[in-house]
Each structure stands twice: as C-alpha cells, then as structure tokens.
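Try each task before reading its solution.

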Amino acid sequence: MQNLGDDGSLPGAGGGEPRRLVSDDGTITLRSPTVADLMRHMLETIAADEEDLFTEQLLSSVTRREFVERGYDPVEAFRELKRRQDDLRALFRAMPVGEYTPGVMMRQVGRNTFRLGVKGDPDLKWSFLDVVLERGNYTLRWLGKE
C-alpha cells in the first residue's frame with residue numbers, strides 16, 4: 001500500500017484527524033470516514049490479531065447479524081479474512097488508495113451500501129469490496145468476485 005500520513009490517512013483521503021484513537025483507559029476507537037481508512041484498519045487489525053476490534057468496529061452490523069442468523073460467531077469473518085489475507089492484500093494492491101484509486105469504480109448497491117471493484121485481473125480471487133456507511137464510518141459488508 002501507499003505510504004500513510006502520521007495521522008493514518010492516505011494521500012488524497014482528506015486526513016487531519018487521527019483514525020485510531022486510544023482513550024486514557026486504553027479503549028481503541030477506529031474511525032473509517034473513507035474506504036481507504038477501512039482498508040488500512042482491516043490490514044492492521046488482521047496483522048495484530050485484533051479479532052474483537054475488527055468484529056465490533058469494522059464488520060458491518062448487517063454482516064454480523066447474518067453470521068448470527070446462520071449460526072456462526074461473527075468473529076469467524078475475521079478468521080476467514082486472516083486465513084485469506086493474501087487474497088485480501090492482492091485486492092487492496094489493485095486499489096491501493098481505495099475509492100481514490102484511478103479506475104476503481106464505486107457504485108451504490110443498496111441502502112448506504114457501496115461496491116468498489118476492479119476489472120481486468122483474472123488472477124484476483126476477489127475483485128470487489130462491499131462496504132456499508134454506518135454512523136459516518138465505512139464498515140465491511142464483504143468481498144467477492146464478479
């Protein structure tokens with residue numbers, strides 16, 4: 001991925017405020033006002049094995065609810081992405097600055113739900129990232145291949 005600013009923002013992402021906030025009691029709050037921020041948080045939480053932080057703050061409420069309805073613990077989403085992090089990194093390399101990547105298309109696919117997709121690389125296991133805008137932050141809906 002591209003170099004990040006000291007505030008955790010990607011170039012062109014309109015940084016200025018920290019994206020990872022740590023309170024005096026050690027509680028971590030992740031802010032993802034851009035998809036690029038969400039992508040960065042996803043990679044960092046996976047690398048740091050921060051299952052709960054990922055599941056509670058980065059996974060969309062829709063996806064968490066679907067996991068529960070199907071009889072799965074939502075933390076399994078984290079574990080699946082950790083297991084497939086090479087595929088995740090390959091997709092993110094194809095869209096290194098999220099919605100700011102030239103040629104990456106972002107379109108609405110539902111209420112407050114958007115798809116960022118890349119075309120032209122048949123080797124990618126995932127070619128799109130679906131996100132949900134919740135309370136001013138982008139969260140992960142899921143990934144797929146078109």
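Helices (H or I, at least four residues) and strands (E, at least two) are DSSP runs, numbered from the N terminus. With that in hand, note that the model is a predicted one.

**Exercise 1. Work out how helix 1 and helix 2 pack.**

Task: At roughly what angle do the axes of helix 1 and helix 2 cross, and which residues make the contact?

Solution: 
1. Helix 1 spans residues 35-47 and helix 2 spans residues 51-58; their axes come within 9 Å and cross at roughly 155°.
2. Angles over 145 degrees count as roughly antiparallel. Helix 1 and helix 2 are therefore roughly antiparallel to each other.
3. Their crossing is left-handed.
4. Helix 1 brings Leu38, His41, Met42 and Thr45 to the contact, while helix 2 brings Leu53, Phe54 and Leu58.
5. Sorted by class, this contact has five nonpolar residues, two polar ones and no charged ones.

**Exercise 2. Find what covers helix 2.**

Task: Which residues of helix 2 are buried, and what covers them?

Solution: 
1. The buried residues in helix 2 are Leu53, Phe54, Thr55 and Leu58.
2. Their cover includes helix 1, helix 3 (61-69) and helix 4 (75-83).
3. Strands also take part, including strand 1 (20-22), strand 2 (28-30) and strand 6 (137-144).

**Exercise 3. Classify the aromatic pairs.**

Task: How many aromatic pairs does the structure hold, and why is the pair of Phe54 and Phe78 edge-to-face?

Solution: 
1. There are four aromatic pairs in the structure.
2. The ring centres of Phe54 and Phe78 lie 5.4 Å apart with the planes at 65°, so this pair is edge-to-face.
3. Phe54 sits in helix 2 and Phe78 in helix 4, 24 residues apart, and the pair links these distant parts of the chain. Both residues are buried.
4. For Phe114 and Tyr138, the centres are 6.4 Å apart and the planes at 75°, so this pair is edge-to-face.
5. Both Phe114 and Tyr138 are buried.
6. Ring pairs also join Phe67, Tyr72 and Trp142 into a cluster.

How values were computed:
Residues numbered from 1 in each chain as written. Predicted model: local features only at pLDDT ≥ 70, side-chain atom pairs only at ≥ 80, totals over all residues. Heavy atoms only, no water. Axes fitted to C-alpha atoms, helices over the stretch in contact; angles between N-to-C directions. Parallel < 35°, antiparallel > 145°, perpendicular 65-115°, else oblique. Left-handed = near helix turned anticlockwise from the far one by under 90°. Contact = heavy atoms within 4.5 Å. Nonpolar A, V, L, I, M, F, W, Y, C, P; charged D, E, K, R; others polar. Buried < 20%, exposed > 50% of the residue type's maximum accessible area, 1.4 Å probe, protein only. Phe/Tyr/Trp six-rings, centres within 6.5 Å; stacked < 30°, edge-to-face > 60°.
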